[in-house]
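Hello,

Here is the structure for you to look over. My notes on what turned up follow below.

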Amino acid sequence: RSKPKPSSAASDVYKRQYKKSQGLIKTCDAPIKDPPYPDPLATCRLCWRNREINQYPILGGAFIVQSNSTARYHMNCKEPYDVFGDNPYASLWCEAPSRIKVGNCRICASCGGDYPTRSGAMSDHYRAFWNFKKECQDPWTDYGTKNVSICCNTPEPACTICNSCGGQWPVETGGFYVEHPSYNQTSFEGRGKQCTGEV
């Protein structure tokens, strides 16, 4: 009478044990599955107004850049870029999280809560910020904070402040240009050229 054939799982174990005994493999453990591919991050933009329905519906805060600087951003969060002077008003708008994309950011007095990842900071002598409170709590405040941070809700932030774009953040979606640094009252903290380094 013939012996019953081993199950497929038992056969696989036997094969791995045999290969190990012959020095062909170093472990009897089953192969480790590849980790799931991470969801792509949503993006954020600096915009002047956003009165139209578009892909950037989430308002994350706003500020006024002083008259000796200019801000580069999108009118109604659309292309192309426009450059404004004379105390331009800029606001941060992000894509809505979806099944395909994740993450958004806020301008806050400090990071924490649902927005723990700090990806940049700004300081202004005139407190010209509309920002969320400490640990990014609602509601936001008007002209109440001198120092603010860019805070995001994913370990890899959807946007960050850099000297120049590159690396993980290759697309410029807003910018600041200081015309008279010695008189400027606005300062920034962020990553280096090509978005290298840490905040």
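Predicted model: local features only at pLDDT ≥ 70, side-chain atom pairs only at ≥ 80, totals over all residues.

I start with one residue and its surroundings. Setting aside neighbours within four places in sequence, C44 contacts Y56, L92, W93, C94, N104, C105, A158, C159 and T173. C44 sits in strand β1, which covers residues 44-48. Buried or exposed, then, is C44? C44 has a relative accessible area of 3%, and buried means under 20%, so C44 counts as buried. T160 is 116 residues away from C44 in sequence. In space, the C-alpha atoms of C44 and T160 are 9.4 Å apart.

C44 also belongs to the largest nonpolar core, which has 17 residues. The members that touch the most others are C44, F63, L92, C105, I107, M122 and I150. Which elements give two or more residues to this core? They are β1, β5 (89-94), β6 and β10 (147-152). In soluble globular proteins, nonpolar side chains tend to be buried together.

Beyond four places in sequence, C105 has contacts with C44, G60, L92, C94, Y115, I150, C151, C152, A158 and C159. Another core lies apart from the largest one. This other core has five residues, including C108, Y115, C136 and C151.

**R106**

R106 is in strand β6, residues 105-108. Its relative accessibility is 15%. The cut-off for buried is under 20%, so R106 counts as buried too. What does the side chain of R106 pair with? One of its polar atoms lies 2.8 Å from the backbone oxygen of C136. The side chains of R106 and D138 are joined by a polar contact of 3.2 Å. C136 and D138 are both among the residues that R106 touches, leaving out those up to four places away in sequence.

**The whole chain**

How many helices and strands does the protein chain have? There is one helix, and there are twelve strands. The chain has 199 residues, and 35% of them count as buried. Take the contacts with a separation of 6 or more: residues 24 or more positions apart account for 69% of them. The accessible surface of the chain is about 12,600 Å². Carbon and sulfur atoms hold 52% of that surface.

Best regards

How values were computed. Residues numbered from 1 in each chain as written. Heavy atoms only, no water. Helix = DSSP H or I, 4+ residues; strand = E, 2+ residues; numbered from the N terminus. Buried < 20%, exposed > 50% of the residue type's maximum accessible area, 1.4 Å probe, protein only. Contact = heavy atoms within 4.5 Å. Polar contact = N/O pair within 3.5 Å; in protein donor to acceptor, adjacent residues only side chain to side chain. Core = buried A, V, L, I, M, F, W, Y, C linked by side-chain atoms within 4.5 Å. Areas by Shrake-Rupley, 256 points an atom, 1.4 Å probe, with all protein chains shown as cover.
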